[in-house]
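My comments are set out as numbered points, to be read with the structure open.

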Amino acid sequence: SEPCVLFIDGEFWGFYMLRERVDADYLEAHFGLDPDEVAVIKNGSLDDGTEEDLADFKEFCIWAVSANMANQMNYEKFCDTVDIDSFMDYMAVETYINNSDWASTGMNNWQVWKSKNVMPEIPEANGKWRFVFYDTDICAGLYGNEKNLANYDSLENNGPPSAYYNLPAILRSLIRNTEFREKFHENY
């Protein structure tokens, strides 16, 4: 984000933080992706793409929670669908900062995107879902929430069992896989 001071017709309107919205236009500007060939899901709703993209991602998440990730074929299916490094980065930061607004309240403030076309010349256009990190103000202790204290176990307590997009439950499922667990431990 970029801090700014806003004046309208010479009148001071306040201090603001400008942020780019991660959508199809952002993906076009930053990666050269065709806006008609990307899918963006934000908080479980379609931002860009088709209803089929949304349904496929929801179905995939439901599968990922219950799949036996100790089975290497299941883990490979996950890695073929999701950019595993993006997932690890995202989960490591969200849990480390105890962003309780993110998972314990029903999966809020999360976003994923993917290019529907694989384009070898653009590494990000590999057809895999990638995670967008945003809106973490609650973890700064601004709202007096006990879930943001350093001793709160954000891995165990996040993610309501009924949420379709239960990313902490997917992480707990993936930790059963030796390859994932070792890579996650080594990098984070």
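This is a predicted model: local features need pLDDT of at least 70, side-chain atom pairs count only at pLDDT 80 or more; totals for chains, interfaces and linings use all residues.

1. Inside the protein, the count comes to one cavity of 30 Å³ or more, and the largest cavity holds about 30 Å³ of space. Its lining is made of F57, F60, C61, F78, V82, F87, F131, L167 and I170, which divide into nine nonpolar, no polar and no charged residues. Helices α2 (51-66) and α6 (167-174) each supply at least two of the lining residues, and α2 gives the most, with three residues.

2. The largest pocket holds about 540 Å³ of space, and of the 20 residues that line it, E20, V22, V132, F133 and Y134 are the closest to its centre. By class, the lining of this pocket has eight nonpolar, four polar and eight charged residues. Helix α1 (24-31) and strands β5 (111-115) and β6 (130-132) each supply at least two residues of that lining, with the largest share, three residues, coming from β6.

3. Five salt bridges are counted. In one of them D53 pairs with K116, and the closest N and O atoms are 2.9 Å apart; this pair links distant parts of the chain, since D53 sits in helix α2 and K116 in the loop between β5 and β6, 63 residues apart. D53 counts as buried at 8% relative accessibility, whereas K116 counts as partly exposed at 29%.

4. A salt bridge also joins D83 to R130, with the closest N and O atoms 3.2 Å apart; D83 is in the loop between α3 (72-81) and α4 (84-96) and R130 is in strand β6, 47 residues apart. D83 counts as buried at 13% relative accessibility, and R130 counts as buried at 15%.

5. The side chains of K183 and D85 meet in a salt bridge of 2.8 Å, N to O. K183 lies in helix α7 (residues 178-187) and D85 in helix α4, so the pair ties together parts that are 98 residues apart in sequence. K183 counts as partly exposed at 29% relative accessibility, and D85 counts as partly exposed at 37%.

Methods: Residues are numbered from 1 along each chain as its sequence is written. Side-chain values use heavy atoms; hydrogens and water are left out. On a 1 Å grid over the protein atoms alone, a cavity is a set of points where a 1.4 Å probe fits but cannot get out, and a pocket is an open set with protein on both sides within 12 Å along at least five of seven lines; lining residues have an atom within 4 Å of a point. Grid points are joined across faces, edges and corners, and a volume is the space filled by probe spheres set on the points. Helices (H or I, at least four residues) and strands (E, at least two) are DSSP runs, numbered from the N terminus. Ala, Val, Leu, Ile, Met, Phe, Trp, Tyr, Cys and Pro count as nonpolar, Asp, Glu, Lys and Arg as charged, and the others, Gly among them, as polar. A salt bridge is a side-chain nitrogen of Lys or Arg within 4 Å of a carboxyl oxygen of Asp or Glu. Buried means under 20% relative accessible area, exposed over 50%, partly exposed in between (1.4 Å probe, protein chains only).
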